[in-house]
Amino acid sequence: MYKRLIRCIILSAFVILCFGCRRESDRSSQLFEGFDSENIMISDMSFNAPVSKYKGFASDLAVVYDSSDSADSYLLNAKGGILVDVTSNDVIYKKNIFGRVYPASTTKILTSLLSIENSDIKEIRTMGDEVIINTPNASLCDFRVGDNISFDIVLHGTLMISGNDAAAALALFAADSMSEFVDMMNAKAHKLGATGSVFVNPHGLHDAGHYTTPYDMYLIFNECIKNSYFMDVVGCEKYYDTFSRTTAVKTYVIAADYKSTNPFISGSVATPDGVTVYGGKSGTTDEAASCYINCFEYKGHTFIEAVFGCESKAKCNSDLVFLINKAMGSL
């Protein structure tokens, strides 16, 4: 009788364990449903860990197990920021990296990458109403409805001078509608593991429902820097080409004459000795304040730095230099 009781207890425990494990497994499967299991990273609050791995994903990414800020994070003016050694996949510096921030025009890195990947980059397209941007003080390339403009010009206008009309035009090289392109943006972001982000437009003009995190923007930019065309454009100091504009009077040749706004490439901020800046993207709105994401090299290591919510452009530039010095000190 005693032995029979012991066997019943053991059998009951086994059944509970098996079904319990199955339910936990099912919960994990549901949690990751719809994502690429080889390329996904999430802020996994349900398992009480800031970042989780799944089936060996993120082998070439900087994985954060401790989301606490760096000890001297108070020295960074930005509300949020991150510095990653891409070569070693180490997070060198962090401040509020999973906190929600507005990306402003740093949104355009995702727009540009998606458009490069999904467009005929040799296409010349006639601009439509998408280039009409009515937001006061928005940066523009002055594209107009009916202009015939090449993909290359639009891409340079998007990344070099942050034209919001250019970013909207770029989206429609890759998709049939703006809503379709926005869906593509969010799908791409989630595939890269940027699950703390929601994008509602291709340019980053303010919308309360359009947000990201410093870590998510690192994930997105880390994918961007793998694309040689993208890197050629963000690293371009000067660009010149022309496009046609037809009016009721005649057809005009319009110059697209752009200069880099990257402070290190333009020379407005001195680059520390031994550092090579490859390029990046700025962003500014009243709500987002000043933001920047940048890529540079030092002693054979590639780094990504990003700052969000700086009080001014000058303080943003100061933060970028601060993080570059942190990178130099890490080697």
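Select strands S7 and S8 to begin: these two strands run antiparallel and are joined by 10 bridges. Strands, like helices, are DSSP runs numbered from the N terminus, with at least two residues (E) for a strand and at least four (H or I) for a helix. Two strands count as paired if DSSP finds at least two bridges between them. The model is predicted: local features need pLDDT of at least 70 and side-chain atom pairs count only at pLDDT 80 or more, while totals for chains, interfaces and linings use all residues. Residues are numbered from 1 along each chain as its sequence is written, and side-chain values use heavy atoms, with hydrogens and water left out.

**Along S7 and S8**

Follow the chain from S7 into S8 through a hairpin of 3 residues. Across this pair, serine 282 stands opposite tyrosine 292 of S8, and glycine 283 stands opposite cysteine 291 of S8. Select S8 alone next. Because 9 of its 10 residues are buried, S8 is largely enclosed by the rest of the structure. Here buried means under 20% relative accessible area, exposed over 50%, and partly exposed in between, with a 1.4 Å probe and protein chains only.

**From S8 to S9**

Cysteine 295 has isoleucine 304 in S9 as its bridge partner. The hairpin of S8 and S9 has 2 residues between the strands, and lysine 299 takes a positive phi near 50 degrees there. Lysine 299 is not a glycine, and its loop lies between strand S8 (289–298) and strand S9 (301–310). With a relative accessible area of 56%, lysine 299 is exposed.

Now display the 5 strands of the open sheet, in the order S2-S1-S9-S8-S7 with antiparallel pairing. Strand S2 (90–95) and strand S7 (275–285) are the edges, each pairing on one side only. From one strand to the next, the twist averages 10 degrees.

**The nonpolar cores**

Turn to the largest nonpolar core, which has 65 residues; Phe143, Tyr218, Ile220, Phe221 and Phe230 touch the most other members. Helix H6 (residues 214–224) gives the most to this core, with 7 residues. A nonpolar core is a set of buried Ala, Val, Leu, Ile, Met, Phe, Trp, Tyr and Cys residues joined through side-chain atoms within 4.5 Å.

Which residues does phenylalanine 221 touch, not counting those up to four places away in sequence? They are Ile109, Phe230, Gly279, Gly280, Ile293, Asn294, Cys295 and Ile304. Contact means heavy atoms within 4.5 Å. A second, separate core has 21 residues, including Tyr93, Phe264, Val277 and Phe303.

**Helices H2 and H4**

Select helix H2 (residues 108–118) together with H4: their axes come within 8 Å and cross at roughly 30 degrees. The axes are lines fitted to C-alpha atoms, for helices over the stretch in contact, and angles run from 0 to 180 degrees between N-to-C directions. H2 and H4 are therefore roughly parallel to each other, a term for angles under 35 degrees. On the H2 side, the contact residues include Lys108, Thr111 and Leu114, and on the H4 side they include Asn164, Ala167 and Leu170.

**Serine 162**

End at serine 162, in the loop between helix H3 (151–160) and helix H4 (164–174). Serine 162 has a phi near 60 degrees, a positive value in a residue other than glycine. Its relative accessibility is 10%, so serine 162 counts as buried.

Technical notes:
Parallel < 35°, antiparallel > 145°, perpendicular 65-115°, else oblique.
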